[in-house]
Amino acid sequence: MERLAILGALHEEIADLLAAMDPGATIHRIAMRDFHVGTLWGTPCVIALSRIGKVAAAATASIVIREFQVSQVIFTGLAGGLHADVDVGDVVVANTLMQHDMDARPLFGQHEIPLLGRVQFESDAALSKLLHDSAQDFVRRYGAAGDPAGATLAQPKVHAGLIATGDIFVSHNDEAQALRKRLPDALCVEMEGAAMAQVCYEFGIPFAVMRVISDRADHAAKTDFTAFLEKVARVYTAGILAPLLKSGALSAA
Ligand code: ADE
């Protein structure tokens, strides 16, 4: 059976998806993780919590691909905004991802994945476009309705571009500035996407990464991230994925 994998790093990011799975979903425990296998809004899925960081994301991606024969993988979660246009409440859908902390110089180029000969990983264009369009519809509805969680967000925007991944929660202005200078095209920073992307690339499995901006990767990042995680993360994830899964767009892709 062709299944879609949906992965998130924290429980709050996938909580509403798990709650919405059809009764009868089975849980497979592998490598200290629970893999929820069943149907979500009409689409056969496996949903799992990867936990945080590149190793955790890579391990989880390998497991869903090998054990559950998934035909595509979506990673969803929060990120810190880097680019000047990217505000809290915006959505970023990756078209490329890279590992900003990979540096095996002078043996290899900066950011190059050793022995793979590449810096960036491209997400699946069709899958990413579906997410982007659904995110556009969602932020229009969400912006118009006002934030149910009571936060004061401006009309959120949806961006497509480069996501930078590393094993660092960026919470100092100088770190964020250094990243902006080194990677002027990076829209946001997070801790899993490019690791999952590398594994999917190596297995030849199409993937997409969708991130909601919880903070600006600065001194306020911890507070902003925590508030956003508690109040808003799940609303976005379910609000963007539900129409796509209900329409069958992802089971046919
Ligand atoms: N995910 C959400 N905010 C982040 C930040 N500031 N740094 C890394 N990952 C994040």
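Predicted model: local features only at pLDDT ≥ 70, side-chain atom pairs only at ≥ 80, totals over all residues.
Biologist: OK. Strand 8, then: how many of its residues are buried?

Modeller: Seven of the eight, so strand 8 (residues 158-165) is mostly covered.

Biologist: Which way do strand 6 and strand 8 run, parallel or antiparallel?

Modeller: Parallel, with eight bridges joining strand 6 (residues 91-99) to strand 8. If you want a spot to look at, Thr96 stands opposite Leu162 of strand 8.

Biologist: And how many bridges join strand 8 to strand 9?

Modeller: Four, and strand 8 and strand 9 (residues 186-190) run parallel as well. Leu162 has Ala186 as its bridge partner in strand 9, while Thr165 is partnered with Glu190.

Biologist: What about strand 9 and strand 5, parallel or antiparallel?

Modeller: Antiparallel: strand 5 (residues 70-81) pairs with strand 9 over two bridges. Gly80 is the residue opposite Val189 in strand 9.

Biologist: How many residues of strand 9 are buried?

Modeller: Five of its five, so strand 9 is mostly covered too.

Biologist: Let's switch to single residues. Where is Val93?

Modeller: In strand 6. Val93 is buried, because its relative accessible area is 1% and the cut-off is under 20%.

Biologist: What is Val93 in contact with, leaving aside neighbours within four places in sequence?

Modeller: Ser128, Leu131, His132, His159, Ala160, Gly161, Val209 and Met210.

Biologist: His132 is on that list. Which helix does His132 lie in?

Modeller: Helix 3, which covers residues 125-145.

Biologist: Does His132 count as buried or exposed, and why?

Modeller: Buried, because its relative accessibility is 18% and anything under 20% gets that label.

Biologist: What does His132 touch, not counting residues up to four places away in sequence?

Modeller: Val93, Val158, His159 and Ala160.

Biologist: One more on Val93: how many Å apart are Val93 and Thr226 in space?

Modeller: 21 Å, C-alpha to C-alpha, and they are 133 residues apart in sequence.

Biologist: Last topic, helix 2. What should its 15 residues span, and how far apart are its end C-alpha atoms?

Modeller: At 1.5 Å a residue, helix 2 (residues 54-68) should span 21 Å, and its end C-alpha atoms are 21 Å apart, which agrees.

Biologist: Which residues of helix 2 are buried?

Modeller: Lys54, Ala56, Ala57, Thr60, Ala61, Ile63, Val64, Ile65 and Phe68.

Conventions:
Residues numbered from 1 in each chain as written. Heavy atoms only, no water. Buried < 20%, exposed > 50% of the residue type's maximum accessible area, 1.4 Å probe, protein only. Pairing = 2+ DSSP bridges. Expected span 1.5 Å × (residues − 1). Contact = heavy atoms within 4.5 Å.
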